[in-house]
Amino acid sequence: MKAVLLVGHGGPEMLRYGDAPDPVAGPGEIVVDVHAASVNAADYKVRLGSYDSKLKFPYILGRDFSGLVSAVGPGVDDLAVGDAVFGVMDAGIEGCYAEKVAIKSALVAKKPPRLGHAEAAAMALTSLTAIWALEDTAKLKRGETVLIQGGAGGVAGFAIQLGKHIGATVVTTASARNHDYVRGLGADRVIDYQKEDFTSAVSDCDVVFDTVGGEVRGPSYAVLRPGGRLVWISPTPDGFVVPRDDVETLRPKVSRDRAHLERMLALLAAGAVRPPMIVRYPLAEAAEAHRVSEGRHLQGKLVLIVR
């Protein structure tokens, strides 16, 4: 099969389009002919070596995908060859920047016809993460106020829609060029982080969902009410110390499972969420997609079109 191979840690030039062995479905697994694979911020961080991983090169990146089942392994009786599915690879396993991928059948959901492959791939990990963060971890409630840091991103954009569906007041940060986009997702208030200090613009939040991390984390505690919850998916600077002991700091589990993917489909069917804005690249141009991703100014999601 054709795949994008990471040949070593470094810049986008370390991604090479080439050949890799076809995967085989083991017990409880399926092989999927990939039609679309999502590009996540974690991908370029793995490429750079940020996670101190000990990868065996050449390595295939990619955590979520959509496609058609092409083979089923022993013990799989709920899916058949030809089924359209989408899913997220198990934690610590990647491989979606390729024409085929093997995955546990329990980690995928059937893709409805109304949802395109690119849209399904774009929503898989982002929706899983946002649902785990706001519903399972923060337990956001109707009437509460949530500040979502970095509203134009894939996870944050889904979180804005989910927060509105729950019935919360949603505040988000975004650059001026993204204000119309995040308002269109349902944000009640948008703070231009380039011109305004969000700690002066909002206060007494019940929840902060930090998808940005770094230097944003510390000030985010200042806007929480006593007893509030800060949920994070992006790391802090080395040596960071939580500045308050009257709030909770929570990291979502983000387990991969069919139930959370089907929760996303239920939200989609109810009209509570919609697919993000998508920028498409052919699989062979994954390096260019990484350059855009690393710039961190994209609205929505980058998706690699495989077939």
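Select S293 first: leaving aside residues up to four places away in sequence, S293 touches V39, N40, A41, Y44 and L302, where contact means heavy atoms within 4.5 Å. The model on the screen is predicted, so local features need pLDDT of at least 70, side-chain atom pairs count only at pLDDT 80 or more, and totals for chains, interfaces and linings use all residues. Residues are numbered from 1 along each chain as its sequence is written, and side-chain values use heavy atoms, with hydrogens and water left out.

**Around S293**

S293 sits in helix α8. Helices (H or I, at least four residues) and strands (E, at least two) are DSSP runs, numbered from the N terminus. With a relative accessible area of 11%, S293 is buried; that word means under 20% relative accessible area, while exposed means over 50% and partly exposed lies in between (1.4 Å probe, protein chains only).

**Helix α1**

Next, select residues 41–48, which form helix α1. Is this helix largely enclosed by the rest of the structure, or open? It is largely enclosed, because 6 of its 8 residues are buried. Those buried residues are A42, D43, Y44, K45, V46 and R47. They pack against β1 (2–6), β2 (15–19), β3 and α8 (286–295). Just after α1, G49 takes a positive phi of about 90 degrees.

Now colour residues 29–39, strand β3, and residues 64–72, strand β4. These two strands pair in the antiparallel sense over 7 bridges; two strands pair if DSSP finds at least two bridges between them. To find one of the bridges, select I30, whose partner in β4 is V72.

Most residues other than glycine have a negative phi, and most peptide bonds are trans. Select F57 and P58, which are joined by a cis peptide bond with omega of about 0 degrees. P58 lies in the loop between α1 and β4.

Move to D204, which has a positive phi of about 55 degrees although it is not a glycine. D204 is in the loop between α5 (198–201) and β11 (205–210). Its relative accessibility is 55%, and D204 therefore counts as exposed.

V254, also not a glycine, has a positive phi of about 50 degrees. Look for V254 in the loop between β13 (248–250) and α7 (258–269). At 14% relative accessibility, V254 counts as buried.

**Around G300**

Select G300, in the loop between α8 and β15 (301–305). G300 is buried, with a relative accessible area of 7%. Which residues does G300 touch, not counting residues up to four places away in sequence? They are A152, G153, G154, Y181, P276 and M277.

**The whole protein**

Along the principal axes, the C-alpha atoms fill a box of roughly 55 × 40 × 35 Å. Buried residues make up 55% of the 307 residues.
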